[in-house]
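Subject: The structure for you to look at

Hi,

Here is the structure I promised to pass on. Have a look at it first, then read my notes below with the viewer open.

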Amino acid sequence: MKIEAKSLVALLWEFDTEQKCIDHFTEVRWPDGVQCLRCDSSRVYKRSDGQFRCGDCRYTFSVRKGTVFDLNPTGFLF
Ligand SMILES: [Zn+2]
């Protein structure tokens, strides 16, 4: 998917569920697989609530952590 060809707003309108957003941003942020934000381990597991948990340092984080979306408490959707 080419993001740069679309405005962010147009892109967001395509995501009708929070889960689709999470999946997409996970792919964009970690194209080679999710890595722990604290220890860079690739032994990261996805939890049922959509958050990630590091198998090494047990750090729990979301794909939004440290991004602009981290500031929006309502999630990705408006
Ligand atoms: Zn870790």
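Let's start with G50, as it makes a handy way in. With 14 C-beta neighbours inside 10 Å, G50 counts as partly exposed; the cut-offs are 20 or more for buried and 12 or fewer for exposed, so a count of 14 falls in between. You'll find G50 in the loop between β1 (44-46) and β2 (52-54). Once you ignore the neighbours within four places in sequence, G50 is in contact with Q19 and I22. I22 is 28 residues away from G50 in sequence, yet their C-alpha atoms are 7.6 Å apart in space.

Before going further, a word of caution: this is a predicted model. The mean pLDDT of the protein is 79, and 65% of its residues reach 70 or more. Which elements have the lowest and the highest mean pLDDT? Helix α1 (residues 8-14) has the lowest, at 62, while β2 has the highest, at 95. Where pLDDT is low, the predicted coordinates should not be read in detail. Keep that in mind when you look at α1, given its mean of 62.

Now the overall layout. The protein has two helices and three strands, and along the sequence they come in the pattern α-α-β-β-β. Of the 78 residues in the protein, 8% are buried. Take the contacts between residues at least 6 apart in sequence: 25% of them join residues at least 24 apart.

Next, the sheet. The three strands form an open sheet in the order β1-β2-β3, with antiparallel pairing. β1 and β3 (60-61) stand at the edges and have a single partner strand each, so one side of each is left without a neighbour in the sheet. β1 and β2 run antiparallel and are joined by three bridges. If you want to find one of the bridge pairs on screen, look for V44, whose partner in β2 is C54.

That brings us to C54 itself, which sits in strand β2. Is C54 buried or exposed? C54 has 21 C-beta neighbours inside 10 Å, so it counts as buried. Leaving out the neighbours within four places in sequence, C54 is in contact with C36, R38, C39, S41, R43, V44 and Y59. V44 is on that list, and V44 is also the bridge partner of C54. S42 is twelve residues from C54 along the chain, and the C-alpha atoms of C54 and S42 are separated by 7.8 Å.

R43 is another residue in contact with C54. R43 lies in the loop between α2 (18-29) and β1. With 13 other C-beta atoms within 10 Å, R43 is partly exposed. Its contacts, apart from neighbours within four places in sequence, are C54, G55 and D56. R43 and R58 are 15 residues apart along the chain, and 9.9 Å separates their C-alpha atoms.

R58 is worth a stop, together with D40. What is the phi of R58 near? Phi of R58 is near 65°, a positive value in a residue other than glycine. Phi of D40 is also near 65°, and D40 is not a glycine either. R58 lies in the loop between β2 and β3, whereas D40 lies in the loop between α2 and β1. Both are exposed: R58 has 10 C-beta neighbours inside 10 Å, and D40 has 10 other C-beta atoms within 10 Å.

Last stop: Q51, in the loop between β1 and β2. G50 is in that loop as well. How many other C-beta atoms lie within 10 Å of Q51? There are 15, which makes Q51 partly exposed. Setting aside neighbours within four places in sequence, Q51 is in contact with T60, F61 and S62. Q51 and R64 are 13 residues apart in sequence, and their C-alpha atoms are 9.5 Å apart in space.

Then go to C54 in strand β2, and end with D40 and R58 for their positive phi values.

Cheers

Technical notes: Residues numbered from 1 in each chain as written. Predicted model: local features only at pLDDT ≥ 70, side-chain atom pairs only at ≥ 80, totals over all residues. Helix = DSSP H or I, 4+ residues; strand = E, 2+ residues; numbered from the N terminus. Contact = placed C-beta atoms within 7 Å. Pairing = 2+ DSSP bridges. pLDDT = per-residue confidence, 0-100.
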